[in-house]
Amino acid sequence: MVEVQRTDADAPDAHMLLAEYFEDRTIGFAAQDQVYTPVFPARATFTPPAGAFVVLRDDEGQARGCGGIRRIADGERGVRYEVKHLYLRPDTRGRGWGRLMLEDLERRAREWDARELVLDTHHSLEAAAGLYRTSGFVETERFNENSNATRWYSKALD
């Protein structure tokens with residue numbers, strides 16, 4: 001059974017998955033003659049209730065994906081959390097596991113009275129954009145200065 005577990009953002013499994021994610025994005029950006037700037041998150045950024053970081057484990061207990069939410073400045077709707085570093089190893093994609101992680105992160109945000117989830121992504125990540133759209137996110141105006149992002153999304157949590 002696949003399981004989503006909260007962990008520290010700097011735990012060994014989380015760090016390993018983030019390193020894979022950053023390497024994947026670096027290669028993807030280079031193919032487009034762009035530079036990707038990786039930033040490993042600080043533990044405190046994803047420590048409840050400031051945020052949460054999760055690792056998805058497969059039936060054998062192996063870490064296969066990760067993601068997190070972090071509290072950012074309140075928006076027009078009120079308390080707002082940002083989804084960060086949602087990643088699945090390539091051989092696990094298409095199984096609905098990304099949606100499981102996203103739903104888990106949304107649940108956690110709701111528990112902390114979030115009124116909105118936001119996220120940013122790059123236009124080259126079409127599968128991710130599809131997941132976000134089918135999960136209720138809509139494109140919105142830029143809300144941060146992430147040089148790696150070209151699209152911004154939000155979801156009201158009413």
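Me: How many aromatic pairs does a search of the whole structure find?
Reply: Keeping in mind that this is a predicted model, a search of the whole structure finds 7 aromatic pairs. One of them joins phenylalanine 46 and phenylalanine 53, with 5.5 Å centre to centre and 75 degrees between the planes, an edge-to-face arrangement.

Me: And are phenylalanine 46 and phenylalanine 53 buried or exposed?
Reply: Phenylalanine 46 and phenylalanine 53 are both buried.

Me: What about tyrosine 132 and phenylalanine 137, why is that pair edge-to-face?
Reply: The ring planes of tyrosine 132 and phenylalanine 137 stand at 65 degrees, with the centres 6.0 Å apart, and the pair therefore counts as edge-to-face, the cut-off for that class being over 60 degrees. Tyrosine 132 is buried, as is phenylalanine 137.

Me: Which residues form an aromatic cluster?
Reply: One aromatic cluster is made up of Tyr21, Phe22, Phe40 and Tyr87.

Me: Switching to helices, how do H2 and H3 pack?
Reply: Helix H2, residues 97-111, packs against helix H3, residues 126-134, at an angle of about 50 degrees, and the two axes are 11 Å apart. H2 and H3 are therefore oblique to each other, and the crossing in which H2 passes H3 is right-handed.

Me: Which residues meet there?
Reply: From H2, the residues are Gly98, Arg99 and Leu102, and they meet Leu131, Tyr132 and Thr134 of H3. Sorted by class, this contact of H2 with H3 has 3 nonpolar residues, 2 polar and 1 charged. Tyr132 of H3 is also the tyrosine whose ring pairs with phenylalanine 137.

Me: New topic, where is arginine 64, and is it buried or exposed?
Reply: Arginine 64 is located in strand E3, which covers residues 63-75, and because its relative accessibility is 14%, arginine 64 counts as buried.

Me: What does arginine 64 touch?
Reply: Setting aside residues up to four places away in sequence, arginine 64 touches Leu17, Leu56, Asp58, Tyr87, Leu88, Arg89, Asp91, Thr92 and Trp97. Among these contacts, Tyr87 also belongs to the aromatic cluster with Tyr21, Phe22 and Phe40.

Me: Then glutamate 139, buried or exposed?
Reply: Glutamate 139, in strand E6 (residues 138-139), has 54% relative accessibility and so counts as exposed. Apart from neighbours within four places in sequence, glutamate 139 is in contact with Arg151, Trp152 and Tyr153.

Me: How many Å apart are glutamate 139 and glutamate 116?
Reply: From C-alpha to C-alpha, glutamate 139 and glutamate 116 are 13 Å apart in space, while in sequence they are 23 residues apart.

Conventions:
Residues are numbered from 1 along each chain as its sequence is written. This is a predicted model: local features need pLDDT of at least 70, side-chain atom pairs count only at pLDDT 80 or more; totals for chains, interfaces and linings use all residues. Side-chain values use heavy atoms; hydrogens and water are left out. Axes are lines fitted to C-alpha atoms, for helices over the stretch in contact, and angles run from 0 to 180 degrees between N-to-C directions. Helices (H or I, at least four residues) and strands (E, at least two) are DSSP runs, numbered from the N terminus. Angles under 35 degrees count as roughly parallel, over 145 as roughly antiparallel, 65 to 115 as roughly perpendicular and the rest as oblique. A crossing is left-handed if the near helix is turned anticlockwise from the far one by less than a right angle, and right-handed if clockwise. Contact means heavy atoms within 4.5 Å. Ala, Val, Leu, Ile, Met, Phe, Trp, Tyr, Cys and Pro count as nonpolar, Asp, Glu, Lys and Arg as charged, and the others, Gly among them, as polar. Rings of Phe, Tyr and Trp (its six-membered ring) pair if their centres lie within 6.5 Å; planes under 30 degrees apart count as stacked, over 60 as edge-to-face and the rest as tilted. Buried means under 20% relative accessible area, exposed over 50%, partly exposed in between (1.4 Å probe, protein chains only).
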